[in-house]
Amino acid sequence: MLTGDEEAFSTLYRRRQGPIYRFALQMTGNVVIAEDVTQEVFMALLQKTAKYEPSRGSLASFLYGVARNMVLRRLEKTAETEDYRSPEDILDDLTRRETIENVRRAVLSLPAVYRETVVLCDLQDTSYEEAAQALECPIGTVRSRLNRGRSMLASKLRFFSAVRSAV
Amino acid sequence: MNEEDVLRALETLAEADRELEAPPAVEVRLRSAFRKKYQRRAWPYFAALTTALASFLLLIRVPPPPTLEIPPVAAPAAPVLAVTAPAPKVVHRQALQPKEVMTDFYPLMEAPPPFERGELLRVSLPASAMRTVGLPVSEDRLGETVQADVLVGEEGLARAIRFVKYER
């Protein structure tokens, strides 16, 4: 790829774009942002504004790290920061929601710091080590955030479930 | 809802999203950016390589001379350029201000692809290269060097050539 082999670049993109796109989508719930982030990640690789160094971790965690920075920047722009939506906000269209959408919304309503950990470890099947590299934090932090994120999800889903039963 | 339920719910979502991918348009845009980046960088090397190759092909395609001497009268259809000996190195070129006289372009490809963009490269070739496009060169000057402009297309193909003579 570094020598200008377009097919090599294309192969790399095809192999890696899916997880990056899904990560961005699960973090933002927005297909347009997910598409933009995916493109920007590989563009950064191409323009060498993001330089991968194998000694610092796997390529997957490097790409997740680049994607994460871009996602967080987007979330800041759209003012969707730690002020996550309350379960009450989600009530309105609860009746037409399927289980998957409930979970998706519950994940999206997590604060970004827990959301990214849940998305990487539970939705993307990333190892704790890779997640720690991507999130630039110790593995212990990944574990604790994951526990906290899951417990927040449990309460949200409990709430959704209760509302559904009541409707 | 306990942790196991949460994990199961997350698994369901992960399963539902497993096939999701970026739209094909993203790859198209990236490939286009890739091509733009690397073609621009590779272009001078590619052109130089092509020119060298074209020169080599011209060299090896020199046909055996039919006669020993070229008649003094030039063919009317093709522009004729006599090969002259290179100017002595000690002469101050600026003072003499030699004038460039060029032949027409001679195609190097029989059916070239459409031409969009290219570059004109000045190269030095043995005079025998002129014979490959039908220009007369006397036997005793076949080994001399002549200047030529090679038109190389954006795709790197040497498309045409013209020869240059300096007159004072």
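**Chain B, its elements**

I began with chain B and counted three helices and five strands, where helices (H or I, at least four residues) and strands (E, at least two) are DSSP runs numbered from the N terminus. Read from the N terminus on, the order of these elements in chain B is α-α-α-β-β-β-β-β.

I noted for myself that this is a predicted model, in which local features need pLDDT of at least 70 and side-chain atom pairs count only at pLDDT 80 or more, while totals for chains, interfaces and linings use all residues. Residues are numbered from 1 along each chain as its sequence is written, chains are lettered from A and ligands numbered from 1 in the order in which they are written, and side-chain values use heavy atoms, with hydrogens and water left out.

**Where chain A meets chain B**

Next I turned to the interface, where 38 residues of chain A are in contact with 28 residues of chain B. The buried area, which is the accessible area (1.4 Å probe) that two parts lose on being put together, summed over both, is about 3,200 Å² between chain A and chain B, and carbon and sulfur atoms give 62% of that area.

I counted eight salt bridges between the two chains, each being a side-chain nitrogen of Lys or Arg within 4 Å of a carboxyl oxygen of Asp or Glu. One such salt bridge joins the side chains of A:R150 and B:E3, at 3.0 Å from N to O.

On the side of chain A that touches chain B, the elements giving two or more residues are helix 1 (6-28), helix 2 (31-47), helix 5 (99-108), helix 6 (112-123) and helix 8 (139-166) of chain A. Helix 1 gives the most to this side, with 12 residues.

**A:R104**

A:R104 counts as buried because its relative accessibility is 17%. Apart from neighbours within four places in sequence, A:R104 is in contact with B:L13 and B:D17.

**Two cysteines of chain A**

Which sulfur is the closest cysteine sulfur to that of A:C121? I found it in A:C137, 9.0 Å away, which is too far for a bond, since a disulfide is a pair of cysteine sulfur atoms within 2.5 Å. A search of the whole structure finds zero disulfides over all chains. Both cysteines are buried, A:C121 with a relative accessible area of 9% and A:C137 at 13% relative accessibility.

**A:P138**

Last, I looked up A:P138, which lies in the loop between helix 7 (128-135) and helix 8 of chain A.

Technical notes: Contact = heavy atoms within 4.5 Å. Buried < 20%, exposed > 50% of the residue type's maximum accessible area, 1.4 Å probe, protein only.
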